[in-house]
Amino acid sequence: MNFPMTLSDISLWLAVMAIILLITTEIISSITEPQIMIEKKRLRVVALALGIAFMATVVMRIFQPF
Amino acid sequence: MCAQNQNTEIAPQKNVVENPKAKSGKANVPSVKVGLALLIPGALALAYAIIANSTTLAFIGLSLTFWGVLFFFFIKPARYVASSILASTALSEYLTTDRMLRHLQINGKAYYIPPYPKDVYLPQHLKGLKESVVFISASTSGMPSIEELAKSKFLLENPNGICVAPPGLGLLEQLEKELKRDITKLQLTELLEILPPLLTENLQLAKKVEIKQEDNGFYLKMVGSPYRNLYITEELKSIHYLGCPLASAIACAIAKASGKTVTLQKDNIVPDGETVELWYQLVES
């Protein structure tokens with residue numbers, strides 16, 4: 001029973017999620033009268049964290065090709 | 001009785017967003033429900049993906065779990081209160097000020113006195129100069145001396161008047177917290193650039209805020225402020241002296257950044273019911 005995703009899969013997943021979240025935060029921030037009342041700062045933090053995690057996997061790929 | 005009548009005049013506004021936690025428990029918050037709906041199938045899919053060694057199911061499970069956690073823990077709806085409540089809570093302060101003005105027969109002007117920066121050393125007997133205060137003069141006889149202001153007194157005798165905390169003092173502190181800077185350290189032009197987006201986007205206190213520098217003064221235009229109904233509340237005089245908490249916070253900020261005393265010249269309520277215009281003047285002291 002191994003986890004069925006490789007580091008390459010996780011890297012791809014992180015990239016897709018980071019893009020979705022970053023686009024979402026940008027769209028929400030640009031709405032002057034927002035109808036979606038969510039904590040935008042936290043969403044942005046999560047999006048940036050995912051982006052950084054993706055970059056970390058890229059760096060890992062440079063030093064340890066898989 | 002009078003106060004009750006005035007209270008009813010503050011009409012509920014349309015842009016009401018209720019605090020979801022105030023009404024009911026955590027489970028009734030929409031994002032928590034969505035979070036649970038994503039988290040449970042996500043966790044199940046992830047578990048099954050490990051058992052069945054399926055990459056596709058692992059992608060689905062991981063995504064569902066991630067969004068579930070995101071909705072459940074991180075992006076809960078922010079806490080908001082109805083904008084009409086904001087104005088109602090401010091009303092009592094203005095009614096109290098009105099009573100004081102009537103009792104002391106004060107008919108002069110309100111002056112926002114610039115405080116000393118927080119990090120500047122002042123001897124103990126001058127510590128009062130670090131507080132943001134509004135001096136309401138009994139007549140148009142002038143400004144109190146620094147010694148008089150430093151005593152942090154309420155009733156001043158030379159010239160006659162009262163010193164009160166500005167209605168927008170709390171809001172000003174909130175602005176400084178958002179800016180992460182002491183406003184006394186900002187240039188006036190910088191402040192005028194920063195303030196409108198800070199009030200509309202960060203604090204969402206108005207739909208539109210416009211501040212323009214005019215000859216020895218400033219013009220402020222606020223659209224959709226929650227305090228706009230205070231200006232049309234009958235018999236409320238102090239609002240025209242001090243401005244609403246938002247206008248008062250802006251006056252305090254201008255006084256702090258310019259280091260000059262600021263006074264409210266006049267206000268105007270545009271018939272659309274949404275827009276309030278104010279004119280401030282800088283006073284050399």
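Hi everyone, let's start with chain B, which has 11 helices and eight strands. Please keep in mind that this is a predicted model. Of the 285 residues in chain B, 35% are buried. If you take the contacts in chain B with a separation of 6 or more, 62% of them join residues 24 or more positions apart.

Now to the sheet. The eight strands make an open sheet with antiparallel pairing, and the order in chain B runs β3-β4-β2-β1-β7-β8-β6-β5. At the edges sit β3 (155-157) and β5 (208-214) of chain B, each pairing on one side only. From one strand to the next, the twist averages 25°.

Let me show you one pair: β7, residues 261-269, and β8, residues 275-283, both of chain B, run antiparallel and share eight bridges. Within that pair, B:T263 stands opposite B:Q281 of β8(B). And what packs on the sheet, touching β7 and β8? That is α11(B), which also touches β1 (110-113) and β6 (217-223) of chain B. The direction of α11(B) makes about 150° with that of β7(B).

The largest nonpolar core holds 54 residues, and B:L246, B:I250, B:A251, B:A253 and B:I254 have the most contacts inside it. Helix α11 of chain B, residues 245-258, gives this core its largest share, 10 residues. There is also a second, separate core of 23 residues, and among them are A:F54, B:A49, B:F59 and B:I75.

Beyond its neighbours within four places in sequence, B:L246 contacts B:G168, B:L171, B:L205, B:A206, B:M222, B:S225 and B:Y227. Thanks, everyone!

Notes: Residues numbered from 1 in each chain as written. Chains lettered and ligands numbered in written order. Predicted model: local features only at pLDDT ≥ 70, side-chain atom pairs only at ≥ 80, totals over all residues. Helix = DSSP H or I, 4+ residues; strand = E, 2+ residues; numbered from the N terminus. Buried ≥ 20, exposed ≤ 12 C-beta atoms within 10 Å, placed from the backbone. Contact = placed C-beta atoms within 7 Å. Core = buried A, V, L, I, M, F, W, Y, C linked by C-beta atoms within 7 Å. Pairing = 2+ DSSP bridges. Axes fitted to C-alpha atoms, helices over the stretch in contact; angles between N-to-C directions.
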